[in-house]
Structures are given as C-alpha cells and as structure tokens.
Amino acid sequence: MLPPSSSSLFRAFSWSALLGLAGVACSSSPPPSSPPTEQSGALRDTYAGKNACNPDDHDRPFIIEWDATDMSSFEQYAAGDLVVVKYEGCHLKVMDECRDDNVRGSQGAYKPPEWTTGQLESIDIQNQGDLVAKLPLGEATLGGRVSAGEKFHMEYYVAGTRQATRPALYREELAKEGCEGATHFVYAYNLGAFALGSARELNASAEVSAFGFGTSGSQVNKSKIDKKGGDLSVCKADSAREIEGCKAPIRLSLRKIREGENPNKEAQQGALTDPALNAVGAVNMKVEMSEDARARLDAAIAKIAAGDGRACLIDLDAHDGLDPTHKSSDPKSGFGLMRAQCLMLGGQCDAGKQLGRKALENMPSQMAPEQIDAAVEAYAMQWCRGKMSDRDALLQALLNLRTGAYQAKKDAAFCQSNFDTAKKLKSKVKPKDDDDRQIIDIDISLYSTAPLCLQRAGDCALARKAFDESIPKSFTAHTEDPKEKAALVQKYFESSVPKCVQK
C-alpha cells in the first residue's frame with residue numbers, strides 16, 4: 001500500500017480528473033550664485049528620470065497604459081503560456097507570437113491565483129523623476145503632461161497573485177520565429193484594480209479614496225479617471241460576480257531570459273521507455289516516502305493544475321530519483337496516471353495514453369477493458385495538447401464546446417475554433433461500434449453546443465451562423481416549402497439560442 005497521505009491525495013486527484021471531464025537633452029545645473037528655479041528643478045528631474053528608466057531597476061512595472069483590449073489579450077495569452085516580453089527603456093511589448101499554438105503551456109504556465117487580503121495603496125506623481133521611478137511604462141503617455149507641470153494621483157488594490165510554474169526561461173527555448181528581441185518573461189502578475197487621474201481634478205486624502213474604493217460604482221465620477229484597470233469601487237464587494245472587477249492584471253513581476261540552454265531540457269522530454277512499460281515484479285509499497293519526494297509529487301500536481309506538463313515531468317523525474325521504489329514511469333507504482341497526464345499536457349499524447357492504459361490495468365479495481373478504454377479516452381480529451389489522432393482531436397473539440405456551452409464562459413475564438421475542428425474531422429472519424437454514441441450522435445451534439453457556446457461568449461452573429469450550419473436536416477425534412485422551412489428554422493433558433501433572439 002502507498003503511505004495513506006500520498007495514496008489518498010493521488011486517488012482523489014486522479015479520479016476527480018476522470019469525472020470532471022519612455023529624448024529629453026540633459027541640462028547642466030545653474031551656477032552656484034544662481035538660486036534654484038522651478039524650471040531647473042524640472043530639468044534635473046527629467047534627466048534623472050531618463051537615466052532611471054532602466055528595466056534592471058524596474059522589474060515590477062504597473063501596466064497603466066494598457067486599455068481593455070490589451071488587458072484581454074494578456075489574459076488570454078497567460079491562460080495557456082508564460083508571457084514573453086521585450087522590455088527596453090520605458091517601453092514594454094508583449095511578444096504575442098512567441099509561443100507554440102499547437103502545444104499550450106510548452107514554455108510554462110501560471111498557477112491558479114493565490115488570493116490575499118489586500119489594502120488600498122496610493123502613488124503620487126509630482127515630476128518626471130517620480131513618473132519613471134514609480135510608473136515607468138507611463139512615460140510614453142503621461143510624460144509630456146508631467147513635463148508641463150501636471151501632477152497625478154494613483155490608487156491600487158492587490159487582491160491576488162498568479163505565479164509561473166517555472167523559475168526561468170532560457171534563450172534556446174525561444175529560438176523560434178516570433179521571439180526575436182525578447183528580453184524578459186512575466187514570472188508573476190498581481191490581480192486587482194487601479195485608477196489614475198490628474199491631481200487637479202481630484203480631492204484625494206489619506207483617509208478617503210479619490211476613486212470610490214469599496215463604494216458603489218455609481219458614486220464614482222468616471223470622468224476623473226485617466227487610466228484604470230479593473231474597478232476599484234467593487235474591491236470590497238461581497239458578491240463573487242461583482243468582485244470579478246477586482247481581478248484585472250495590474251502589475252507585472254519580470255525576470256530576464258537566461259542565456260543558453262535549459263539545463264533540464266532532457267528531463268522535460270520525459271519520453272516513455274520500454275523498461276518503464278515492461279516493469280515486472282512486485283514493488284515494495286510499504287517503504288515510507290521522504291518529505292522531499294512527497295514535496296515533488298505535490299509540486300507535480302500543482303503543475304498539472306496549471307497546465308504545464310513539461311515542468312510536471314521535471315518534478316516527477318526528481319521524485320523518481322528520490323523514491324526509486326515508486327517511480328512514476330512504472331505503471332505499477334500508483335503514480336503512472338499522474339505521469340500520463342503530464343505527458344499528454346507536454347504534447348506527447350500517444351505516450352501518455354499508453355502509460356495511462358498500463359497504469360489503469362494495474363489498478364486494484366480491475367476495470368473491464370471497455371472501462372479502461374473509456375477512461376483513457378476521457379484523459380486524452382481533457383489533457384492532450386499538440387499532435388493528436390483525428391478521433392482524440394474531435395472528441396476534445398466536442399468536450400470544449402460542451403464546456404463553453406454549459407459550464408464555463410469562453411471567448412468566441414475558442415468556440416469557433418473548436419466548432420471548425422469538429423466540422424473538419426467529423427466525416428473522417430468513424431464509430432468504433434454501434435455503441436459509440438459520441439461519434440454517431442455528433443450532429444446533434446454540435447447543434448446543441450456550438451451555438452450556445454458562441455451565445456455565451458457574446459457573439460450572436462457567429463451563434464446564428466453556427467446554428468444554421470449545424471441544425472440537422474431531419475428537423476425540416478418533412479416540408480419542401482422554403483417559407484415554411486425558414487419559419488421552422490427560426491422557431492428552433494429562438495428556442496435553442498434565446499439570448500440571441502432579435503439581436
């Protein structure tokens with residue numbers, strides 16, 4: 001038997017997965033006999049600011065210049081990969097093409113947010129030196145106004161943090177098109193809200209929020225806000241739906257990309273070996289697991305939850321070195337399913353399925369062959385990334401559409417991409433037998449999920465298009481009259497996708 005804590009932890013995790021299916025010239029100082037003037041002070045501030053605009057000194061910049069579109073794009077990127085940037089002077093550019101679209105998380109991922117009890121903080125910008133020292137990325141948009149003498153006040157609230165699953169990225173890992181010029185990656189980012197406005201428009205004090213922190217949004221004069229992220233007025237709300245407005249990315253924690261090759265490159269490959277699949281003999285399951293080995297297992301589970309399969313394999317290899325009697329590469333160890341998930345997430349779908357099947361065959365429950373095949377298929381639908389068989393890709397697209405339609409709101413691009421995949425593959429994948437309802441009933445499945453996924457995403461035009469493309473012909477086969485047919489289709493649309501009616 002596994003030690004109780006390890007066994008119960010893994011069993012709960014694995015079965016829940018199955019069922020859950022910034023130039024200003026410098027100025028010299030005035031002669032000593034001349035009194036300092038406001039103008040000469042401003043010039044010194046500008047010079048100091050220009051020299052202070054150095055990414056090495058500001059690796060935790062606020063992203064105040066980003067608009068709603070920038071925020072949304074960042075969140076979408078961060079949902080599947082580590083965010084790589086080019087950070088020079090007071091300018092930061094997200095390298096949105098520096099990733100592998102076929103294997104999400106191939107460069108790493110972000111762990112789920114760690115929520116904290118925060119407090120309102122404030123920053124005052126009196127001159128150019130303040131600007132580049134406190135808000136370096138705001139130099140491009142606010143620099144001219146600050147140089148002209150305008151002052152600014154900013155408030156922010158940190159509600160939580162998301163941290164990367166990997167401590168470093170290496171140059172050789174980014175040696176591909178779209179990554180040229182990359183300097184840093186976003187190791188972590190704070191979630192919450194901020195607002196910034198001209199001090200002459202505000203009545204800010206140490207006791208009262210200038211932007212309505214913790215009050216009703218209706219009490220805030222939005223015209224006073226120059227830049228914002230999230231909504232400070234909801235950061236103390238009780239409703240989970242409301243406090244979604246206090247979960248916007250507001251500040252980044254950057255790390256330089258390291259030169260050379262990742263020293264853990266080989267471990268990231270994690271290829272399945274014949275000895276691992278053909279391991280024989282009884283394993284002494286009574287050996288106590290060390291705390292270091294247990295910590296590596298816990299870390300691997302966290303990597304799976306974050307979607308970083310390759311980093312998970314590194315943790316499992318470290319565990320296997322510490323506890324060779326319970327190697328994750330051994331299907332009989334009790335940790336084979338965990339490694340199978342990591343392989344799938346890391347882009348090795350077939351190897352993951354192979355190990356997963358062997359692991360299930362060695363489980364005490366003695367599952368029937370049909371049950372094992374169904375379980376492996378469920379794992380592949382949920383965890384596989386990168387190259388997959390047509391059947392696995394089709395089933396994953398169907399699962400994603402069901403998720404977007406009934407469980408979690410996705411964006412329109414997600415829904416449309418999975419719909420397109422399903423349409424492309426449905427004629428290529430044949431049912432395994434008469435009981436293979438996932439394939440046999442695929443037309444009904446697409447009709448009942450794709451339009452709803454797009455409706456929930458807020459794109460009614462695409463929802464209608466998907467509805468018209470997926471409605472089964474049998475629904476209107478009993479009439480040849482075009483007007484009657486169109487009326488029937490409209491009736492079905494209104495009942496199936498009600499929130500898009502008359503939109």
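I take a charge to sit over a ring if NZ of Lys or CZ of Arg is within 6 Å of the ring centre and within 35 degrees of the ring normal. With that in hand, I looked through this predicted model and found that Lys410 lies over the face of Phe414, at 5.2 Å from the ring centre. I noted Arg464 over the face of Phe493 as well, at 4.4 Å from the ring centre.

I then turned to the rings themselves, where the structure holds nine aromatic pairs. I looked up the accessibility of both partners: Phe185 is buried at 0%, and Tyr187 counts as buried at 14%. Phe475 and Tyr492 form a tilted pair, with 5.2 Å centre to centre and 50° between the planes. Because Phe475 lies in the loop between helix 17 and helix 18 while Tyr492 belongs to helix 18, this pair ties together parts that are 17 residues apart in sequence. Phe475 is partly exposed at 22%, and Tyr492 is partly exposed at 27%.

My last entry concerns Thr479, placed in the loop between helix 17 (460–470) and helix 18 (482–496). Is Thr479 buried or exposed? At 6% relative accessibility, Thr479 counts as buried. A polar atom of its side chain lies 3.3 Å from the backbone nitrogen of Asp481, and a polar contact of 3.2 Å joins the side chains of Thr479 and Glu484. Leaving aside residues up to four places away in sequence, I found Thr479 touching Glu484, Lys485 and Leu488.

Key. Residues numbered from 1 in each chain as written. Predicted model: local features only at pLDDT ≥ 70, side-chain atom pairs only at ≥ 80, totals over all residues. Heavy atoms only, no water. Helix = DSSP H or I, 4+ residues; strand = E, 2+ residues; numbered from the N terminus. Buried < 20%, exposed > 50% of the residue type's maximum accessible area, 1.4 Å probe, protein only. Polar contact = N/O pair within 3.5 Å; in protein donor to acceptor, adjacent residues only side chain to side chain. Contact = heavy atoms within 4.5 Å. Phe/Tyr/Trp six-rings, centres within 6.5 Å; stacked < 30°, edge-to-face > 60°.
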